[in-house]
Amino acid sequence: MQTLKIEDTPNPQKSYTLVDWQGGYKSLTQEFDYWIDDIEGQIPPELQGTLFRNGPGLLDINGQPIHHPFDGDGMISRISFVNGRAHFRNRFVRTEGYLAEQQAGKILYRGVFGTQKPGGWLANIFDFKMKNIANTNVIYWGDKLLALWEAAEPHSLDPHTLETLGKENFHGVLSSGEAFGAHPRFDPSCNQDGGAPCLVNFSIKPGLSTTITIFELNPDGEVVRKQTHSIPGFCFIHDFVITPNYCIFWQNPVTFNPIPFALGIRGAGECIKFQQNQPTRIIVIPRHPGETKVRTLETQSGFVFHHANAFEAGEEIIIDSICYASFPEVEPESDFREVNFATLPPGQLWRFHLHLETGKVRQQMIDSRCCEFPSINPQLVGRKYQYLYLGAAHGETGNAPLQALVKIDLDSGARQLWSAAPHGFTGEPIFVPRTDAKQEDDGWVLVLVYDATHHRSDLVILDARDFNQGAIARLHLKHHIPYGLHGNFTPKVLALNI
């Protein structure tokens, strides 16, 4: 089975410097609470609600560096929009591990992606206790704000103060330490609930065979459906997609050797190896409890962290995903700030056509530009859609940090690019529809941009219909926010004294 033919032509002229990019990977130790007054342009007065972001706020513990940013303690950033103004607040999630390490002033826990306790292998051998770092996503659902980390249960936060309230087990559905994924999907109209919205999420328990558990929550935050399936082989799954009738998972072709991890030599993430000669498996699980047939299809070898969307079209399921030629393995003794982008495969946008009856998979590349963090209109999750927004490299070819946003019209193939290069670095775009929107792209795209020139972050607002007019508004924060992972927007204004 051949691998996906990912284009990796190096960009002949860099749009960035490594020193500029590295500035976004410095810890932010302070917690802020202020109105944003330094603004270029104007915040649309119709933009009302709250943007939540999550990501590693600390890249070191009292000067002791962590090995990989994915091991950093979760920090929630909140920007509330009301009457043409914006208010910022950030706060670390007070997990058990965060509190213990802050009190001790040193690293006390091993990290999944290679962070080790000081003292070498003798200090780490047979220590399997991982710190719940709550750093991957943040969602507002059922009137609860939840910080998510896919290897354990969520932490519940006060949505107004961001105070950590404790772990969330959904009225006993989750046992202590049970996983609840960090990449839920929000079904805007669930067939099984009379058209009411629902949250769909999953967890995995990997091993020689992997247990996949699917949860569906109603608007009150109650788990109304739960199903569990055993899948042959080891699964490393961060994201998935849904349609009205299915949940679809990518079983990336990787293996896990636990011995170096058990002996305290390597982190768990450093023990994952990509198998280039093995196919990628696609697992299709019906959402309806009465249907139990799980289908497994195969496609060419590749690695997927994130999917854009999926929808049903006749006898096919169509899925748009960000694909890599191989898994970017975490190397021991490496420094994540010294990455050579040109040597790594870029993420690129591919479309897959799954025919469930024949088991055949067709695939085609949609865009060869290096890209990540896809975002769509939330009302079209699991449905046919036209517009896709992505974080992207400034250049058309090669691998590079994300410095731009690209809008793709999937029907016409038209592209629009907005770039923050050479000194700006983008994160995940969030599409926010207008309340009275008549068209799919009638709304705004919000994105945090690290400005290396001023070592601060900006919240940039773009008109989702037309990137070519440039930013509607740039909200200059008083500080930087370390490069984050995921977040969400709610139309509710959640902040004190507003």
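Biologist: What is the volume of the largest cavity?

Modeller: The largest cavity has a volume of about 100 Å³. The model is predicted, so local features need pLDDT of at least 70 and side-chain atom pairs count only at pLDDT 80 or more, while totals for chains, interfaces and linings use all residues. Residues are numbered from 1 along each chain as its sequence is written, and side-chain values use heavy atoms, with hydrogens and water left out.

Rolling a probe the size of a water molecule over the atoms shows where empty space is left. On a 1 Å grid over the protein atoms alone, a cavity is a set of points where a 1.4 Å probe fits but cannot get out; a pocket is an open set with protein on both sides within 12 Å along at least five of seven lines, and lining residues have an atom within 4 Å of a point. Points are joined across faces, edges and corners, and the volume is the space filled by probe spheres set on them.

The count comes to one cavity of 30 Å³ or more. Its lining consists of 14 residues, and those closest to the centre are Asp71, Tyr109, Arg110, Gly111 and Lys131. Sorted by class, this lining holds eight nonpolar, two polar and four charged residues (nonpolar: Ala, Val, Leu, Ile, Met, Phe, Trp, Tyr, Cys and Pro; charged: Asp, Glu, Lys and Arg; polar: the others, Gly among them).

We may now turn to an open space. The second largest pocket has a volume of about 1300 Å³. Its lining is made of 46 residues, and Phe186, Pro378, Asn488, Phe489 and Thr490 lie nearest the centre. Several strands (DSSP runs of E, at least two residues, numbered from the N terminus) give two or more residues to this lining, including strand 12 (185-187), strand 22 (303-313), strand 26 (371-375) and strand 35 (487-490). In this pocket the lining comprises 24 nonpolar, 14 polar and eight charged residues.

Strand 22 contains Phe305. With 16% relative accessibility, Phe305 counts as buried (buried means under 20% relative accessible area, exposed over 50% and partly exposed in between, with a 1.4 Å probe and protein chains only). The C-alpha atoms of Phe305 and Gly347 are 9.2 Å apart in space, although the two residues are 42 apart in sequence.

Strands of a sheet pair through backbone hydrogen bonds, either parallel or antiparallel. Within this sheet, strand 27 (residues 387-392) and strand 28 (residues 404-409) are joined in the antiparallel sense over six bridges, and Gly391 stands opposite Leu405 in strand 28.

The loop between strand 26 and strand 27 holds Asn377. Asn377 has a relative accessible area of 7% and is therefore buried. A distance of 9.2 Å separates the C-alpha atoms of Asn377 and Asp442, which are 65 residues apart along the chain.

Charged side chains make a further set of contacts. The whole structure has 32 salt bridges (a side-chain nitrogen of Lys or Arg within 4 Å of a carboxyl oxygen of Asp or Glu). One of them joins Arg185 and Asp239 at 2.9 Å, N to O. Arg185 lies in strand 12 and Asp239 in the loop between strand 15 (223-232) and strand 16 (241-242), so that distant parts of the chain, 54 residues apart, are linked. Both Arg185 and Asp239 are buried.

Asp320 and Arg351 form another salt bridge, at 2.7 Å, N to O. Because Asp320 is in strand 23 (residues 316-324) and Arg351 in strand 24 (residues 348-355), the pair ties together parts 31 residues apart in sequence. Asp320 is buried at 0% relative accessibility, and Arg351 is buried with a relative accessible area of 14%.

Arg474 and Asp458 meet at 3.6 Å, N to O. This pair connects strand 34 (residues 471-476), which holds Arg474, with strand 33 (residues 456-463), which holds Asp458, 16 residues apart. Arg474 counts as partly exposed at 24% relative accessibility, whereas Asp458 is buried with a relative accessible area of 2%. Finally, salt bridges that share partners join Asp187, Asp193, Glu216, Arg225, Arg287 and Arg383 into one network.

Definitions and conventions:
Helices (H or I, at least four residues) and strands (E, at least two) are DSSP runs, numbered from the N terminus. Two strands pair if DSSP finds at least two bridges between them.
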